[in-house]
Each structure stands twice: as C-alpha cells, then as structure tokens.
Amino acid sequence: MDNLTKKVIERARELGADLVGIAPVERFKGAPLRMSPNGLLPEAKSVIVVAIHHPDATIELSGEPTPHDIDSYAVQSTAMNPMLDDISFLLARFLEDRGYKALPIAASNIWRYRGYKDLEVNFAPDLAHRYAAVAAGLGEIGWNGLCLTPEFGPRQRFVSIITNAELSPSPMYEGEPLCDKCMECVKNCPTDAFRKEVKKINEIEIGGKVYKFPDTNKWRCAWAENFGLSLAYKIPEKVDEEVILEYLAKYGRHIGEIGSCLRFCMVPQKRYYDISYSRAPRRRKEILIKQEKKLLDKIKEICEGELVDIVAIGIKEDFVNDLSIRPEYYLPDVNSIISIGIKVPKEKLIETQEIKNTILRRINYTQFKIAHLLDMSGYSAICNTVAPDNLIAHRLGIYEPETFFSTIFTSASLPSIKERRVERKENLEPEILKRFCREIGADLVGFFNKDRYERFCKLLTDLRLFQNESKEEVIDIGKIYGPYVPMIKKTEDSIKRLDDWVPKANSVIVLGLHFPNASLDTAKVTPAETVGPYAFVQYETLNLLSDMAYKVVKRLNDNGYRATFTFDITGLASKIKNSRGMLPDMRAHSIYAFLSGLSYIGLHGYPITTEYGVRQRFIAIISDLSLPNDPIYSGEILCENCSKPCISACPTSAISYNTIPIDFEGNKIKIPKFDSFACDWAKRYCLVGEEGPYYWNVDVNIPVPKEKRIEDVVDSVSKTHWGVQKLHINIVEECLRKCIANGKFGT
Ligand code: SF4
Ligand code: SF4
Ligand code: SF4
C-alpha cells in the first residue's frame, strides 16, 4: 500500500470510520455514466468508501410494535449521516490540501426522484454508496439490495469521496457468501416490495463479480420509509409519484419507518436469535474491552472532546424502586445508565437558532459516540430512546436547569460517577485566540470591533444600501413534498446592531472555512450534470463552522465572557434553497467577512478572499471580549480587470456594472449594486431552471416580472408543479460558478 493511501486510511479512522476501502474507478464500469465516479469527476482514479457501524441495539430494539416506531434507529439521521458527511468533507479537504482533486459526496438525502434525461433511475443519488462499498472490497450486495459486510452485516452506513489520486485498491471481498437467501428481508417487508411490482432480477457486475437481487419499485419501497405514509393503509397494487402525492394530499404525512429489510437481516456468520430480546436477529460479537476503568476513561475522553458539562453513571439497581424509570424497557440487558448534560447558561450563552441547532447536534453526536464505543467494545448499548432524560439526570443527582440531557443505556458494568467539566481558564490574547481557531479547523480568522461595525452600518444606512428592498418574503408553509403553500412574511427592515446580539458587545470573531473546489468546478458541467455535491458542501460548511464557533463560545464563556454566533449578523440576509432547507446565502457573510479584513465584496455581492476566491463560507461570533481590528482588505481587487462573466452568467440580470464608491478607514471601496428580488427569484424561489431546478428534472422557467411584486412570487411558486422533488431542489449560483475568483490569487 502506498504512503498516501495509508495516510488517507489513517485520517479516515481518526475521523471516526469503522471501515475504509479504496475502489479503483475501473470497478464502476457497469454503472450509468451519470452516477459513476468519472461521470461526476472525469479525472477520477479512486473512490474512498467509509462506513460507520450502526449500534446493534438501535436496530434490534427499534421498530416495535410497528416499523413506524423508529425510536433509537433515528441515530442514523441525527448522528451517523452527519458524522459521515463530516468525514466526507474533511477527507476531501485532506486530499485537496495535498494537491489532489477530491469530490465529497453526501451520506444521504440528496436525490433525483425521477431520474434525469437518459438516466432512468428513480431515487438516484449522485453515487450509490452501497455499490461503491462493494467496489471498495467492504462487502457484497444481499438479496435486500443492501451492502452486507462480514463485520456488521447490513448494520452500517456509508459515504464516498471521489478523487483523482491513484490510491492502492483494496481487494474485493472473497470470503464466504454474506447473503444465504434466508429471505427474512422478503418476509418482513411491510410494503411487499420484494414481491410486488418487481421489474426484474438485477444482475449488477462490480469488480468482476455479479450480484443478483430484485429490481424493486422504489416508490413502493419508499411509501413509509421516505414519504412517511402510514403502513396502516392498503397500499395500491401500483405505486408511483402520482399515487404518493395523492395519498400525501388525502392523508398527510404520518411518520417514517425503520426498514425491515435492514432490521431482519444479518449475515449467517454472525446471526443468532434471542426471541426474548428481539424478533430481529442479533449480531454475534466478542467483548473486546473487559476493564471497566478503560471503558470509563474512553467515555470521559468523548465527553471531554465534546465539551459535555456534566456526566453521571448509575447502575440499574439505582432504579429498582423507581416507578417512573425502568431502564430495562429501553435495553433488556441493561447494567449501567449514563446521563450527559450540556449547559446553555442564558446569562453567558445567548441563544440563536444556530446555537440551538449546534447544541442538539453535539448532544446527538456525544450520545451516539458513547453508544457506539460500547457496542464496538462488545456490549449492547442504546441511546436516542423515549426515556425521560431530565428525570434520569435528576435521579442520578446531576439535574440542573438550562441544560440539555440525554441518556445512554448499556449492558457494560461501569463504576458510578458524577463529574463536572472543569472550566478552562485561558489566555485570550488575540494571537492565541486566532491560533486556537485555526487548531479547531478554521482556514481564515479575523476580528473587528463594535466601533468599526457601527460606523460601517451607519454608512450603509445613510446610503440606503443593503436594505431589504421588498421588506417581505414568501415562505412555504406546505409539506416537504408536493405543492408550495406560500405565505407572505414581513422581514427585518433595519440592520441589527451588535448589542441586539449580545448586551454590551465589544467585538466579532470571524471564521472562514473553504469548501472543496471540485464541488463547484464539477457542478452542472460534468457528464453527471449534477449540483448535488455543491449542495452538500454548502450545508456541511455551515455545520462545521457552527461546531467551531460553539467551541470558541464555550472558551469565551469559561473565561467569563458572554457570546453568541450567527451567519447573518445584519439580520437582512436572504436565503438559498437546499435539500436541508433554506440556508443563509453567501451574501449573508459579506459585511462581516469584509470588516474582519478577510475579504472584499465582489461585484456579485459575495465575499472574495485571496486564499480561496469565492469558495468559502463564514460565521460571526459576537462577544463582550475586547479585540483589536484587523486591517481592512487592501489586496488585489480581481473585479477591476475582469471581463465580468458573473454579469453575463446571471439568468435574471440581477448584477449591475455600477457600484457605489465609498471611503472607509482610508480605503476606497466599491459597494456592488444588485437586484435582490431578481436574485431571489432564481436562488431562493427556484423559478429559473438553469440556476438549479432543471438539474433536478423540474420543469420551471418563469421570467422575472417587471413590477417585482411579492404577489408575483406567490403566484409563480404556487402554480409550479414541484412534485416530490420540491424537497430536493438545490441551487448553484451561476455568478459564483462563473466567477474568475476560483482559487488563490494575488500572492
Ligand atoms: S435477510 Fe437473508 S436473504 Fe435477505 S439480504 Fe439478508 S441474508 Fe440475504
Ligand atoms: S466574475 Fe468575479 S471577479 Fe469578475 S467581476 Fe464578477 S465577481 Fe468580480
Ligand atoms: S445568485 Fe444567481 S440569480 Fe443571483 S445574482 Fe447570482 S447568478 Fe444571478
């Protein structure tokens, strides 16, 4: 194995991978071009496939009494997919930082439901990770169509990264067959998807081996699993998009389900039954860590890394006479109960939506990491149950207000503990703070103080710039699939002050994170004609920046400062449509990235840096810590001598050649002028095919109306047929795609 491959595998393991394999692109020769590594990245040579194991108890004990009762299986969406997304992004950056091209693919949930042009595959992801996993030697396709591995059967989730690096291929799996055709997947499927509407038996060739399994009707399979329709209905004999939309319109969305083809499957080599525990097969495993001290140290290490404020471990006997809490309801072989808490002290940590989302994400990661550690050590462990977390914390003596708690149950016998995180008193000198921000992953760090922000805001207000012209927006209050149900909402009409965020605020710390170049370079133009990888890195960059900002805020809080963070410091930013909902657009960062000296504002209104051009996102951390101003950007202005392809590329003519010159702290700056109504028409309301919908097989192309009334938006979004694809329409801003600021310059 060559050195780079070793390093990639090592890095993947460090980031949390349980399995890693390398597939050379030749093993994908049977894949449709639009869903193949070379269709996505023509220069691709290898695909790295990574898996995280799904803790057994979260599968064995979920789905009762009905598959709709997901309970702890939800870790797949609350922790596993997000962790795989992190790995995908960070491994791509690892390769890019070493000079290679790397295209990270999302773990899940970015699909073309209705295929695309000659791609006659429904529910098409950019790359099917399960086939990539087989090509990377990790396992085999079972009758249920899932990749089964010798270690975990079907109990893992995968992610893939495509690269032009020629890595050493992993050998194909050559062991005993992993599917013995027990047909439990077929018998237990609640929609009968392996018998009804099966088009044919697939014969898929990967790396010289042929896998046979039913070509199911995905619309039927997705009835409850994806679309959340109740399994109590009599499912029609023929299911397609129209049927799904009809049932959603008539009955609404009920809830998703745990896939029974996953739950009832286990490879014969690891399978055993214990009906008193679960109707599903169990996975045979060995106890690998017997010393309770070693386990405890590892649990503490996770808590420390995740900045958990309070942790307690109790034993099942602590609950013997408890009428409200029965640990054995959640894990029949329970021995220990772990309660973890993250504090949100309101006087120090000012809550924003971004902070709420981040704390929830950290709690979800922590509980999953602990359950996963115990499971991989040979014990049963479960989290994300319906157990009363606050009450358990109370019984274990650690309950405190303003704290989010969660509970992990395990068969491991652990010593009882009750511990609190020691606050870290640190030197917060500017350079030391900057170094810390870089250590936790920020590519760019800059500061500015309140005075600079206030002066700039006054200038903008006096010039009537960056005001939200319409002062109204349209939001969709409909369901995630089907018609857009428009509602007009008033928006902020004046710039937020720093004191609106944190009382007596003094400064702002700005962090920037670059997203892999290949995500924008390949968008719309390679044979796959997809915008999926770009959509992925957009939400992922925001998630990773939130995690970094959270660590900085905790450090500020520990040292007695109040702090919060946001992507939209002015409160006036617009949004961009993404599979993960409406994200703040990149112009949301423009003012604070500029004031921190990290960027100038490009003609299209987006931040441009000498390090990455337009290819990064930013976050602002506002606090009452005093910090000095970094110098305003005074480097090369690429826009000056540019032929301005951003203007010609914009499908709504939203960008103007004219700019407004201002003088700020002795710097001559040109503030761009753009038509936010026209821009939103394309990137927020998805009414212009070329900007995104077209690539998702959604036929919409409505010219921007002359009058620019909000009622025109209402009219246009409500008359467009979005179908189920509405959830997964993603945009790539044409002006960004064509911007010449596509990497390092001026140095
Ligand atoms: S349940 Fe049995 S038949 Fe189905 S995929 Fe698993 S091992 Fe194969
Ligand atoms: S393409 Fe980029 S660099 Fe050129 S004018 Fe437009 S924003 Fe500036
Ligand atoms: S984001 Fe799209 S619509 Fe908006 S200015 Fe850029 S190209 Fe035009």
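Me: Ala, Val, Leu, Ile, Met, Phe, Trp, Tyr, Cys and Pro count as nonpolar, Asp, Glu, Lys and Arg as charged, and the others, Gly among them, as polar. How do the residues of the lining of the second largest pocket divide into these classes?

Reply: The structure is a predicted model, in which local features need pLDDT of at least 70 and side-chain atom pairs count only at pLDDT 80 or more, whereas totals for chains, interfaces and linings use all residues. Residues are numbered from 1 along each chain as its sequence is written, chains are lettered from A and ligands numbered from 1 in the order in which they are written, and side-chain values use heavy atoms, with hydrogens and water left out. On that basis the lining of the second largest pocket divides into 19 nonpolar, 5 polar and 16 charged residues.

Me: Which residues that line the second largest pocket are the closest to its centre?

Reply: On a 1 Å grid over the protein atoms alone, a pocket is an open set of points with protein on both sides within 12 Å along at least five of seven lines, while a cavity is a set where a 1.4 Å probe fits but cannot get out; lining residues have an atom within 4 Å of a point. Points are joined across faces, edges and corners, and a volume is the space filled by probe spheres set on them; for the second largest pocket it is about 1,400 Å³. Of the 40 residues in the lining, the closest to the centre are E14, L15, G16, E306 and K369.

Me: Which helices each supply at least two residues of this lining?

Reply: Helices here are DSSP runs of H or I with at least four residues, and strands are runs of E with at least two, numbered from the N terminus. Those that each supply at least two residues to the lining of the second largest pocket are α1 (3–14), α4 (75–96), α10, α12 (353–376) and α18 (532–558).

Me: How much space lies in the largest cavity?

Reply: The count comes to 5 cavities of 30 Å³ or more. The largest cavity is lined by 17 residues, of which C179, D180, C182, C185 and C265 are the closest to its centre, and by class this lining has 11 nonpolar, 2 polar and 4 charged residues. The space in the largest cavity is about 110 Å³.

Me: How many residues apart in sequence are the parts that D56 and R155 tie together?

Reply: A salt bridge is a side-chain nitrogen of Lys or Arg within 4 Å of a carboxyl oxygen of Asp or Glu, and D56 and R155 form one with the closest N and O atoms 2.9 Å apart. Both count as buried (under 20% relative accessible area with a 1.4 Å probe and protein chains only; exposed is over 50%, partly exposed in between), D56 at 2% and R155 at 0%. Because D56 lies in helix α3 (residues 56–60) and R155 in the loop between β5 (147–148) and β6 (156–163), the parts tied together are 99 residues apart.

Me: Is E241, which meets R114 in a salt bridge, buried or exposed?

Reply: The side chains of E241 and R114 meet at 2.8 Å, N to O. E241 lies in helix α8 (residues 241–251) and R114 in the loop between β3 (102–104) and α5 (129–135), so the pair ties together parts 127 residues apart in sequence. R114 counts as partly exposed at 22% relative accessibility, whereas E241, with a relative accessible area of 6%, is buried.

Me: How many salt bridges does a search of the whole structure find?

Reply: One network of salt bridges links D56, E60, R155, D274, R282, R283, K285 and D375. A search of the whole structure gives a salt bridge count of 66.
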